Amino acid sequence: FIMDRKLLKQNAKNSFKKKWFESAIVALIMGVFAGGTSNSFSSITESSDPTYQYEGSSLGELFSMIPTEILHSVVAVMGATAVVFTIAGIFLAPIFTVGGNRYFLKLRKGVNTDIGEVTGNFKDGNYWNIVVISFVQGLKIALWFCLLFIPGIVKFYEYFLIEHILAVRPDINSKEAFQLSKKLMDGHKMDAFVLGLSFMGWNILSLFTFGILNIVYVNPYRYATFNEFYCYVRAEGIRNGIITPMDLPDYEPPYQQGFDMN
């Protein structure tokens, strides 16, 4: 049973085009806050002394002409911005990502959903569980990357489905969430990597539209595709007896039947 990327991507297009504009908004929200997690304090601390960073260059001479008070103010603003994005990455990004995945999972099954799905976890009592599990996920991956680069990549893809699992079971405990992701991604890490690479052409094309193409088409296409990927590995896991339908319930009852690829 070989994964058919073309089928996954065609299913994804058929899915998000049902509500194209709404899907684009959901994907934009997911992308904006997910991007916040990539910010770090290192870039701020490295630039806290501009004369050090650009010493001997024309830019260094330019910085030397700017009053120190202004430079300190700029650095302070940059530092505050980094703090805001880091906090957003920890306390907001997981909620929007999980809610967005739930939106796309429901959309593919024809279950009633809307943009409000993105913020649903703020009020269903599972907020802290999602934040904690997502934080542990990021921490584990970061620690593995600190040890060695290749093991870090392996762990990144081993935990790849955590946000999808939380989308259908937001109350799951941390241990089970990581175990399920590990089981489902066993043998599919390279599939996920290659699937991500398949969007490289779209990303390059989007550069010529100043990112507009990403917002209106590529981002919802990508998120819908990776939710199709999750559905594929879930279905395969059920067929192989690795998990049961009740481990990760579907959005189309009866849950015991699992779901197909269509």
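Helices (H or I, at least four residues) and strands (E, at least two) are DSSP runs, numbered from the N terminus. The legends below concern a predicted model, in which local features need pLDDT of at least 70 and side-chain atom pairs count only at pLDDT 80 or more, while totals for chains, interfaces and linings use all residues. Residues are numbered from 1 along each chain as its sequence is written, and side-chain values use heavy atoms, with hydrogens and water left out.

**View 1. Overall fold of the chain.** The chain has 14 helices and zero strands. Of its 262 residues, 44% count as buried, where buried means under 20% relative accessible area, exposed over 50%, and partly exposed in between (1.4 Å probe, protein chains only). A contact means heavy atoms within 4.5 Å; among contacts between residues at least 6 apart in sequence, 71% join residues at least 24 apart. The accessible surface comes to about 14,000 Å², and 66% of this surface belongs to carbon and sulfur atoms. Accessible areas come from the Shrake-Rupley method with a 1.4 Å probe; for residues, only the protein chains shown count as cover.

View 2. A salt bridge is a side-chain nitrogen of Lys or Arg within 4 Å of a carboxyl oxygen of Asp or Glu. Lys155 and Glu158 form such a pair, with the closest N and O atoms 3.1 Å apart. Because they are three residues apart in helix H9 (residues 149-158), Lys155 and Glu158 are separated by about one helical turn. Both residues are buried.

View 3. A search of the whole structure finds six salt bridges. In one of them, Glu228 pairs with Arg108, the closest N and O atoms being 2.9 Å apart. This pair links distant parts of the chain, as Glu228 belongs to helix H14 and Arg108 to helix H7 (residues 93-109), 120 residues apart. Glu228 and Arg108 are both buried.

**View 4. Salt bridge of Arg169 and Glu176.** The side chains of Arg169 and Glu176 meet in a salt bridge, at 2.8 Å from N to O. Arg169 has a relative accessible area of 18% and is therefore buried.

View 5. Thr225 is found in helix H14 (residues 212-239). Its relative accessibility is 0%, so Thr225 counts as buried. A polar atom of the Thr225 side chain lies 2.7 Å from the backbone oxygen of Tyr221. Not counting residues up to four places away in sequence, Thr225 touches Lys9, Ala12, Leu195 and Phe199.

View 6. Met190, Phe193, Leu197, Met200, Ile204, Leu205, Leu207 and Phe208 make a nonpolar surface patch of about 850 Å². Patches are made of residues with over 30% relative accessible area and no salt bridge: like charges are joined within 9 Å, nonpolar side chains (Val, Leu, Ile, Met, Phe, Trp, Tyr) within 5 Å. Helix H12 (189-197) and helix H13 (200-207) each supply at least two residues of the patch, and H13 gives the most, with four residues. Met190 is found in helix H12; its relative accessible area is 55%, so Met190 is exposed.

**View 7. Two cysteines, Cys146 and Cys231.** Cys146 counts as exposed, at 64% relative accessibility. Cys231, by contrast, is buried, with a relative accessible area of 2%. A search of the whole structure finds zero disulfides, a disulfide being a pair of cysteine sulfur atoms within 2.5 Å.

Conventions:
Polar contact = N/O pair within 3.5 Å; in protein donor to acceptor, adjacent residues only side chain to side chain.
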